[in-house]
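Welcome! Have a look at it first, and then we can walk through some of its features together.

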Amino acid sequence: MSDTSYVRTEMLEQREPPASTVGVIGWARANLFSSALNSVLTLVALGFVAYILSALIPWTFQSVWNAESLSECREIMIATWGSTHGHACWAVINDRWLQMLYGFYPSHLYWRVNLALVLTLAALAPVLFSEKSPRQMIYLTLAYPFIMPWLMWGGSIWNPISAAVGFAIVFFGTRHLTAMTGSLIAIIASVIAALLWWMAISAPVVAGLSSVIPIGIETVQSREFGGFMLALLLGIVAIGVSLPIGILLALGRQSDLMIVKAICVGFIEFIRGVPLITLLFVASLLLNVFLPPGTNFDIILRVMIMMTLFSAAYMAEVIRGGLAALPKGQYEGADSLGLNYWQAQRLIIMPQALKISIPGIVSTFIGIFKDTTLVSIIGLLDVIGFSTAIRADANWNGIYWELFAFIAVLFFVVCFSMSRYSMYLERKLQTGHKR
């Protein structure tokens, strides 16, 4: 019998893959034209997109940018194209874009708003891109919650320093008293000491320092805040503060301590059962009723508190879902290592739960940022409120699409950026194998 076996004696040279399976053509064949039905749906979708763009592109670019009123815009359109149909009047944006971005904030102080925004991005860098940021930037992140309000509202430099001292009392008090009294007693004592500092001691200390060393910047009243700047301010505070509060609420809801669990469950269910606009009306109209006479509680601060609590309740449920998705073996593994409760949460449980919860967390962030537009209902002139005020002007009465298109672009840029970062973070933390 003859031997028909074959043994390769040399390797064949690597060949390029077929052009129809790689690049744009390969992607289109795999995703758009993989079957007859997909091909038909792709062609229908492309036709619909082409129909929309055929009207949108001329409306966007065959437009008027320089005019003093809507009527002047229309006169220019008729003189140029013979009709006002299908042409945008971007002159309203050219005329009022600063007001829509900064509200009534003094124009000579715009640099403070811009600097606060730059510092926001710089302070977020160590958190969002920890492996690419210098370690020293974490100090800016810690100082940012005190620098930003001072830049926005102004006043004496000793006010943010006084606020920081209170948090330093909590930090160092908890750290040094834990060994002597136990963690819970140390936390309670430190918080009480910080409250005494903020409510009784800091005011005369700040007044004394301000009289001796008067360092400060021009004060800006809250009624001058507005435009897209106000939406960013409310969104940044609500997003930044609601995440740690939501984590604590999620842990409290799963706690074995009956009172702690009851308080957390009651808070979460109450907040989730009430519309945000109701809470904003409470912040705007009813909260002062329960405060001592003569108390001046800033309206923006009240709105920040309500939006933060609202976001924290939803954040707690998102994080609780991540905690529930962890297998029981993770908790048992933490116990086997001899870790206490907080060490287990910090090192093992919470990192995995937050990783699982990333899509829900970012969705909550995007939702609360878009909900900042509701403040226009309670009298705060955010970017939506200013669009209404602009349309009430006789010069621009009757203009709609251009204003709302500009607002849509502003919100899209921020929300799309958060969504893309969420996808980047999911890919970065991906540890499983793709099927």
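**Helices that meet**

Helix α12 crosses helix α14 in a right-handed manner (a crossing is right-handed if the near helix is turned clockwise from the far one by less than a right angle, and left-handed if anticlockwise). Helices here are DSSP runs of H or I with at least four residues, numbered from the N terminus. Please keep in mind that this is a predicted model, where local features need pLDDT of at least 70, side-chain atom pairs count only at pLDDT 80 or more, and totals for chains, interfaces and linings use all residues. Residues are numbered from 1 along each chain as its sequence is written, and side-chain values use heavy atoms, with hydrogens and water left out.

**α12 with α14**

- Two packed helices are described by the angle between their axes and the distance between the axes.
- For α12 (residues 299-325) and α14 (residues 341-356), the angle is about 110° and the axes are 8 Å apart; axes are lines fitted to C-alpha atoms, for helices over the stretch in contact, and angles run from 0 to 180 degrees between N-to-C directions.
- That angle makes α12 roughly perpendicular to α14, a term for angles of 65 to 115 degrees.
- On the α12 side, the contact involves Ile319, Gly322, Leu323 and Ala325, which meet Gln345, Ile349, Met350, Ala353, Leu354 and Ile356 of α14; contact means heavy atoms within 4.5 Å.
- The residues of the contact of α12 with α14 comprise eight nonpolar, two polar and no charged (Ala, Val, Leu, Ile, Met, Phe, Trp, Tyr, Cys and Pro count as nonpolar, Asp, Glu, Lys and Arg as charged, and the others, Gly among them, as polar).

**α14 with α15**

- Helix α14 also meets helix α15 (residues 358-370), their axes coming within 4 Å and crossing at roughly 65°.
- Leu354, Lys355 and Ile356 of α14 make this contact with Ile358, Pro359 and Ile361 of α15.
- Five nonpolar residues, no polar and one charged make up the contact of α14 with α15.

**The disulfide**

- A disulfide is a covalent bond between the sulfur atoms of two cysteines.
- How many disulfides does a search of the whole structure find? There is one, with a disulfide counted when a pair of cysteine sulfur atoms lies within 2.5 Å.
- Cysteine 73 and cysteine 89 form the link, with their sulfur atoms 1.9 Å apart.
- The pair joins distant parts of the chain, 16 residues apart: cysteine 73 is in helix α3 (residues 70-81), and cysteine 89 is in the loop between α3 and α4 (91-102).
- The link of cysteine 73 and cysteine 89 is right-handed, with 80° about the S-S bond.
- Both cysteine 73 and cysteine 89 are buried, which means under 20% relative accessible area, against over 50% for exposed and in between for partly exposed (1.4 Å probe, protein chains only).

**Other buried residues**

- Valine 383, in helix α16 (residues 383-392), is buried, with a relative accessible area of 0%.
- Not counting residues up to four places away in sequence, valine 383 touches Met100, Gly227, Phe228, Ile407 and Phe411.
- The C-alpha atoms of valine 383 and leucine 101 are separated by 7.1 Å, although these residues are 282 residues apart along the chain.
- Serine 284 belongs to helix α11 (residues 276-286) and counts as buried at 19% relative accessibility.
- Leaving out residues up to four places away in sequence, serine 284 touches Ile299, Arg302 and Ile378.
- Threonine 42, in helix α2 (residues 36-61), is buried at a relative accessible area of 12%.

Methods. Helix = DSSP H or I, 4+ residues; strand = E, 2+ residues; numbered from the N terminus. Parallel < 35°, antiparallel > 145°, perpendicular 65-115°, else oblique.
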